[in-house]
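User: Hey, I've got this structure open and I'm a bit lost. Can you walk me through it?

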Protein chains: 2
Amino acid sequence: MLNFNFYNPTHIVFGKDRLSEIITLIPEKSKVLITYGGGSIKKFGTLDKVLNALKGFKVFEFGGIEANPQLNTCLKAVDIIKENNIDFILAVGGGSVIDATKYISIAAKYKGNDYTSLIKNGFSPAPVTDAVAFGTILTLPATGSEMNAFSVISHESGKHGFFSPLIYPKFSFLDPTLTFTLPKTQVANGIVDTYIHVLEQYLTYPIDARFQDRTAEGILQTLIEIGIKTIENPEDYNYRANFMWCATMALNGLIGAGVPQDWSTHMIGHEITAKFNIDHAKTLAIVLPSLLRERKGKKEGKLLQYANRVWNITEGSNEEIIEAAIVKTEVFFNSLGIATKISDYPIKKEELKDIIHQLESHGMTALSETGDLTLDITERILENAY
Amino acid sequence: MLNFNFYNPTHIVFGKDRLSEIITLIPEKSKVLITYGGGSIKKFGTLDKVLNALKGFKVFEFGGIEANPQLNTCLKAVDIIKENNIDFILAVGGGSVIDATKYISIAAKYKGNDYTSLIKNGFSPAPVTDAVAFGTILTLPATGSEMNAFSVISHESGKHGFFSPLIYPKFSFLDPTLTFTLPKTQVANGIVDTYIHVLEQYLTYPIDARFQDRTAEGILQTLIEIGIKTIENPEDYNYRANFMWCATMALNGLIGAGVPQDWSTHMIGHEITAKFNIDHAKTLAIVLPSLLRERKGKKEGKLLQYANRVWNITEGSNEEIIEAAIVKTEVFFNSLGIATKISDYPIKKEELKDIIHQLESHGMTALSETGDLTLDITERILENAY
């Protein structure tokens, strides 16, 4: 096991009908800015419930945060915070709204003029010393942003990941009933995103971290077990509750503590989203299988463990076992309605080069847990994923 | 899944040779009281390492905290804190030292005269509003106290559990190499204590909490896999690291979130320790198998799941499968050198009544996840455990 730090102070409030407790978690007399995305939280009554729970607080609203939130959108919220001396932000939505809120929370305390200086290419610590406190009400399980200190913001041609211990949410409300109205495709995206969050922390090389491995395998087995049922039974509380908690646990530091991590699929996927505007989870699903086939030598030990413990595959040569596990993974994604080939999307084969160029321009020339996934290998991964 | 809150802000620093980082985690210019138990942290050089890491801080020492720490011992440390205006406590030891430190931290801020008013029979919230901040350096994995807000203190004839969000350690250093010098019996106790912490949160009734169940099963499987090897290879870093992290994860709120819990074995075991001075873990190992046999009807669903997923037992009637799983559990404890019968200890059969009387005098007349484990049933459990 590698040395590690584990620190996660976000207070989770899990379950149905608990919104009235929110007033115990926001400092008294705070001026609160509610951040959200499109109209769904209005349409389905969530915003009304939140406003009702916040009676007694002075409340402002900022809607219109897009999927893959833009830096320039965030800056409009920063203006509202500065103009109105907002003390607390309440993000109501999924990963995009929460990620945007994280950027807003640090940008609102930033004293300089160059807001792009807070983010860099790839995934970097944010150079900040203060942030506006915020909590979240999660409506779309997927990114884990409700219980971690990471965020991804889009600006110009890139997606920029950053982190800071200052951007842990103070609290997150996880109410499975708030997910009942989600479109099926978003639930499918969330399941695949969660699954691949786990794999990026699990499918590296063996390091004898048994709790972490078994917990990762437990999330994968649960997602396989409940995936399609969660999509097809939108008002089944237990499926939604199990999915929601797995999504949070998949990326809150727990299974990644003390193990090597490989975020190549995410880094490549981010460029595909930035260039072709394809949903984040869908880009992961087209990159991952091809990446695993390309890297099956380096990942052999963990791929065999994955095949054996998650898919119960034990017969055949190592090569056959690994290929069977990758096929099972593809079939699982497909069963949720998520394609696993680039050619399933309106991307021309000759445009694959553009993805490589973007990776290069963003400095992503040596990815993976071993730092040797170079651009020529990435190009082959993309060609084989077509 | 039941509604739940999950909040755990303890900062874990895991790995070898990290003590020099402690100065970044204790507020500057703090006056620090180091609390510890017997002489082992002096004998094996741990105290010197800690003192060396704390250069620049004004440091006080309070040693002599016993196993099953006594309230009166804790009050001597409270006097030192008040006399010297101590700002921060650093517990160096196992669960007893950390539990004592938790009591010391709240008692040092208590304004009244009746220090027993901070604890009650059984397991209760501590009626406190302030506590001296503290961190821990763990030397004995077992109780999980390094990453939770629980404590058990002994006073007169009883063991008194209490909890408060104020008694989360600010940080805990988990260095597996500090466990290399532990006596084998303490390691065995720690493994069994950890295992039963998991079972008390897992072997109740099914509630469809899949992440929690699989994470619990993962800890159990890991302990079975590494148990005897951890004891027999004291300087094997990986065994110790896996054991240490499992012990922390077993009782930090993670696997108990959103599920029913049954702490009957602990409550009965506490009385046996209080009366006969038998190690905590050893009392659990003699109560648990008999309790499971007595309660196999109420626990049938989870016992079958335990048999199937943890022990891979699938053949036979439900009754046979459950009995086989309980026998496997006993054999596992025995293999670590831990007995599973009361008659293995110097307790006379007629003294079993005394345990029942103690439970009664401490108000423990209806234990378990369903609140219907009455004293007559407990008496039968003890008789069958003899």
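Analyst: Helices here are DSSP runs of H or I with at least four residues, strands are runs of E with at least two, and both are numbered from the N terminus. Keep in mind that this is a predicted model: local features need pLDDT of at least 70, side-chain atom pairs count only at pLDDT 80 or more, and totals for chains, interfaces and linings use all residues. Residues are numbered from 1 along each chain as its sequence is written, while chains are lettered from A and ligands numbered from 1 in the order in which they are written.

User: OK, at what angle do α8(A) and α9(A) pack?

Analyst: About 130°, with the axes 8 Å apart; α8 covers residues 264–276 and α9 covers residues 280–294 of chain A. The axes are lines fitted to C-alpha atoms, for helices over the stretch in contact, and angles run from 0 to 180 degrees between N-to-C directions. That makes α8(A) oblique to α9(A) (under 35 degrees is roughly parallel, over 145 roughly antiparallel, 65 to 115 roughly perpendicular, and the rest oblique).

User: Which residues meet there?

Analyst: Among them are A:Ile268 and A:Ile272 from α8(A), and A:Leu284 and A:Leu288 from α9(A). Contact means C-beta atoms, placed from the backbone, within 7 Å.

User: New topic: how many residues does each chain put into the contact between A and B?

Analyst: Chain A gives 30 residues and chain B gives 30. On the chain A side, β1(A) gives the most, with nine residues.

User: And how does β1(A) run against β1 of chain B?

Analyst: Antiparallel, joined by seven bridges. Strands pair if DSSP finds at least two bridges between them. One facing pair is A:Val13 opposite B:Asn5.

User: How are the two chains related?

Analyst: A rotation of 180° with 0.0 Å of shift along its axis puts chain A on chain B, RMSD 0.0 Å. The two copies are thus related as by a two-fold rotation axis. In chain A, A:Pro9 has the C-alpha nearest the axis, 2.0 Å from it.

Technical notes. Contact = placed C-beta atoms within 7 Å. Least-squares fit on C-alpha atoms with pLDDT ≥ 70 in both.
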